[in-house]
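Please have a look at both, and then follow the points below.

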Amino acid sequence: MSRRDKVKKLPNKGGLSRHLNPEYPKTEWTAEKWAFILHRLTGLFIIFYLLAHIWVTGHATSPESWSSIMSTLHTYKWLETTGEWLLWGAIVFHGLNGIRLILVEALGWGIGRPHRPIPPYLPYSNRSAQRPLLWLVVALTLIAWIVGGVILYQDVGLISW
Amino acid sequence: MVRESTLMTLHYIAAAIMVVVLTIHVLMHTPVLEKGYEVSLEYERVLEHYNVAWLDLAILLYAALFHGLNGLRVILIELHQGPVWEKAVSWTLLIIGIVAAIYGTWTLIEVV
């Protein structure tokens, strides 16, 4: 039996457990796959931050509660600022990669039209405009993350040049 | 029940809105629109932010909650499938979203 027929016979089970199945078709570790994983991890980080942020900003109703929650947050200054710096990086990556996804996924820009796959061939999506766009996202993210980090750590007085 | 394609379209629309609204929100805590990050967290500055940018914050609150919780829902129903699981995930996240939206709206009304 060919590998293709074996795969066809598998029950259509998704979820993480599919990786335990040796017959499950493997996909390549492309740059887009890494971007997908990072997009989800940064998204998870941001949604849990958002819920905490709504709770913390709920203390803005009076000066006393505001200063008490601020002094609690400032207990471990290095930890707080490093968390904020990681959050900044997560938001910049998620936002810029999200703009790429709107262009590529939602609007279908830069992935070309379907065509007959005549081997040996490289998928159009791997040699079209969307790949350089991903490198642009990575470059802009790194620049914004580092520059923002220097500004942030200097502003809160943890580093000084 | 809302169709998945509708939710995904709204997911993209909320993302596009947040590009503008979240940029303004972040810039209000940087030297671009403020003296600096530490200064922007003083109580008087926070009150002024709420009064100047309450519309920005309101749009951000609803767009971010929808986008974030829908994203979490998509991740959770890709990890595991089944009618019970999918219903439980949807309802739990909907309740979390409504509670957070009400709390955020209450904060906005109280402060502004």
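Predicted model: local features only at pLDDT ≥ 70, side-chain atom pairs only at ≥ 80, totals over all residues.

Residues are numbered from 1 along each chain as its sequence is written, and chains are lettered from A and ligands numbered from 1 in the order in which they are written.

**Chain A overall**

- Chain A has five helices and zero strands, in the order α-α-α-α-α along the sequence; helices (H or I, at least four residues) and strands (E, at least two) are DSSP runs, numbered from the N terminus.
- The radius of gyration of chain A is 22 Å, well over the 15 Å that the globule rule gives for 161 residues, so chain A is more spread out than a compact globule. This radius is taken over C-alpha atoms, and the rule is 2.2 Å times the number of residues to the power 0.38.
- The C-alpha trace of chain A spans about 70 × 35 × 30 Å along its principal axes.
- Buried residues make up 13% of the 161 in chain A (buried: 20 or more other C-beta atoms within 10 Å of the residue's own; exposed: 12 or fewer; partly exposed: in between; C-beta atoms are placed from the backbone).
- Among contacts in chain A with a separation of 6 or more, 58% join residues 24 or more positions apart (contact: C-beta atoms, placed from the backbone, within 7 Å).

**Helix 4 of each chain**

- In chain A, helix 4 (residues 77-106) has 30 residues and reaches 41 Å from first C-alpha to last, close to the 44 Å expected.
- Its buried residues include A:Ile91, A:Phe93, A:His94 and A:Arg100, and the buried residues of this helix pack against helix 2 (31-57) and helix 5 (130-155) of chain A together with helix 1 (4-27) of chain B.
- Just after helix 4 of chain A, A:Gly108 takes a positive phi of about 65°.
- In chain B, the buried residues of helix 4 include B:Leu57, B:His67 and B:Leu72; their cover includes helix 2 of chain A, along with helix 1, helix 3 (43-52) and helix 5 of chain B.

**Where the chains meet**

- The contact takes 26 residues from chain A and 27 residues from chain B.
- On the chain A side, helix 2, helix 3 (63-73), helix 4 and helix 5 each give two or more residues, and helix 2 has the largest share, eight residues.
- By class, the chain A side has 15 nonpolar, nine polar and two charged residues (Ala, Val, Leu, Ile, Met, Phe, Trp, Tyr, Cys and Pro count as nonpolar, Asp, Glu, Lys and Arg as charged, and the others, Gly among them, as polar).

**Helix 2 of chain A against helix 5 of chain B**

- The axes of helix 2 of chain A and helix 5 (residues 83-111) of chain B come within 9 Å and cross at roughly 35°. Axes are lines fitted to C-alpha atoms, for helices over the stretch in contact, and angles run from 0 to 180 degrees between N-to-C directions.
- A:Leu51, A:Ile54 and A:Thr57 make this contact with B:Ala100, B:Tyr103, B:Gly104 and B:Thr107.
- A:Thr57 is buried, with 20 other C-beta atoms within 10 Å.

How values were computed. Expected span 1.5 Å × (residues − 1). Contact = placed C-beta atoms within 7 Å.
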